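Biologist: Could you take me through this model and show me how its features should be read?

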Amino acid sequence: MSDPTPDASAAQWSARYEAEDTPWDLGAPHPDLVRRLEEDPGLGGAPGRVLVPGCGRGHDALALARAGWQVVAVDMAPAVDDLVRAALEPFDGRFVVADLFDDDALDGALGGRPVDLVFDHTLFCALPLHHRPDFGATCRRVLGPDGQVVSVVFPIGRDHAEGGPPWGMTPEAVDLSLGAEFRRTETSDLLEVTGRAWPHRWCRWSRAA
């Protein structure tokens, strides 16, 4: 997943997709997401409105849409536009090419309405480290009062000295990004996925009471 620049542009990410140089892409939804949706389509409640930032080819977004979630998927790479848009449209899902941290573009994608869930898989770990606080700020802004964040925290154990993306990630890093408005309510054991060199944890945060 390494990129030579610390702040990759939309054109650079698009070039990776066009070249099929996307080692972070599992080619399917994350298996933990698939299993959990099969057991509980609402992931602990009723399916609601979900933002999938940095959705890539849309595997996770489509799995959520099929489970009954109203999906708004966002990615800054125009190369995935046609693919993700076509996949989500039959489920009344929406895909928008946008920078997650462009407030006007994101507000337009969301239609000015809050979401119930932000689902992160390979977005946080791809952010330059100086953008991690922006992730938390965005979650605080777009989530409703009972909103939650679910993140596949990956790659656990990768040293920041090795560079990125993917940058090493921990649940505590997301704690810091989200701030005191959120509390972590779920932290799985260390888990592994075939083909990935580092383990992950499935974690959930809820707005603090």
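Biologist: Which strands does helix α6 lie across, and at what angle does helix α6 run to β5?

Modeller: This is a predicted model, in which local features need pLDDT of at least 70, side-chain atom pairs count only at pLDDT 80 or more, and totals for chains, interfaces and linings use all residues. Residues are numbered from 1 along each chain as its sequence is written, and side-chain values use heavy atoms, with hydrogens and water left out. Helices (H or I, at least four residues) and strands (E, at least two) are DSSP runs, numbered from the N terminus. Contact means heavy atoms within 4.5 Å, and axes are lines fitted to C-alpha atoms, for helices over the stretch in contact, with angles from 0 to 180 degrees between N-to-C directions. Here helix α6 (residues 132-142) lies across β1 (49-53), β4 (115-121), β5 (143-153), β6 and β7 (201-207), and runs at about 145° to β5.

Biologist: In what order do the seven strands form the open sheet?

Modeller: Strands of a sheet pair through backbone hydrogen bonds, either parallel or antiparallel. Two strands count as paired if DSSP finds at least two bridges between them. In this model the order is β3-β2-β1-β4-β5-β7-β6, with mixed pairing, and the edge strands β3 (94-97) and β6 (182-187) each pair on one side only.

Biologist: In which sense do β2 and β3 pair?

Modeller: Strand β2 (residues 70-75) pairs with β3 in the parallel sense over four bridges, and Ala73 stands opposite Phe95 in β3.

Biologist: Where is Gly108 found?

Modeller: Gly108 is found in helix α5 (residues 103-110); Gly108 and Pro128, 20 residues apart in sequence, are 24 Å apart in space, C-alpha to C-alpha.
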